[in-house]
Amino acid sequence: MAGADDAVTPSALVAYEIPLVDDEDEPVTAPLVLGWTRTLTAVGPAYPHASVMGMTLVRVDTSVVEPAPPTRTDRVLRVLRTLAWPFTETPPSPPLCGFLLTGQDSMRLYIAVEEADGPVAVDVRLTGALTALLAALPALVREKERWTPTDGADPHCVRAIDLTTW
């Protein structure tokens, strides 16, 4: 459902019916649904098909809707969700202790690595081969040859790794 921030009545809301599988019956990703939703709400309700519970119902043809690109916040949350709450029953290892946004396309992750004598800071970009980096991060952060001392420049860590060009 979408509507103005202060919309409280069903007639002021629009319900979008977005298919959650593609033409091959494969599930679509959450970022894709979010992109379609942002596009639809930016241009307003077009072609209402019916109403449901007093709201205008728009059935979305995803083949003609161009999804809005992910925002910086989307990319940050993707990194944090992947590291802090992966889709497994075991807790992440090594665990994420914190993060710091360092630029429009970068952030610093603080990872608790047992082999270090404190958190290790990992500088990453929010674009590029992010999926591959997040999958490799648990192994990369343990490679001591990548560690550089911070010399107190960052009080939250004892070592740093720059993976912005990885």
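Let's start with a pair of charged residues: D123 and R108 form a salt bridge, with their closest N and O atoms 2.7 Å apart. D123 belongs to strand β7 (residues 120–125) and R108 to strand β6, so this contact ties together parts that are 15 residues apart in sequence. A salt bridge here means a side-chain nitrogen of Lys or Arg within 4 Å of a carboxyl oxygen of Asp or Glu.

Before going on, a word about what you're looking at: this is a predicted model, where local features need pLDDT of at least 70 and side-chain atom pairs count only at pLDDT 80 or more, while totals for chains, interfaces and linings use all residues. Residues are numbered from 1 along each chain as its sequence is written, and side-chain values use heavy atoms, leaving out hydrogens and water.

Back to R108, which also forms a salt bridge with D154, again with 2.7 Å between the closest N and O atoms. This one links distant parts of the chain: R108 sits in strand β6, while D154 is in the loop between β8 (148–149) and β9 (159–162), 46 residues apart. Put together, R108, D123 and D154 are linked in a network of salt bridges.

Are these three buried or exposed? D123 counts as buried because its relative accessibility is 16%. R108 is buried too, at 14%, and D154 is buried at 9%. The cut-offs are simple: buried means under 20% relative accessible area, exposed means over 50%, and partly exposed is in between (1.4 Å probe, protein chains only).

Now for the strands around that network. Five strands form an open sheet with mixed pairing, in the order β5-β6-β7-β9-β8. At its edges are β5 and β8, each of which pairs on one side only. Strands (E, at least two residues) and helices (H or I, at least four) are DSSP runs numbered from the N terminus, and two strands pair if DSSP finds at least two bridges between them. In general, strands of a sheet pair through backbone hydrogen bonds, either parallel or antiparallel.

Take a look at β5 (residues 96–103) and β6 (residues 106–111), which pair in the antiparallel sense over six bridges. The two form a hairpin with two residues between them. You can follow the pairing by eye: L101 has M107 in β6 as its bridge partner, and G98 stands opposite Y110 in β6.

What about their exposure? R59 counts as partly exposed at 42% relative accessibility, and E17 is partly exposed at 39%.

One last stop is the loop between β2 and α1 (30–43), where you'll find D23. D23 counts as exposed because its relative accessibility is 79%.
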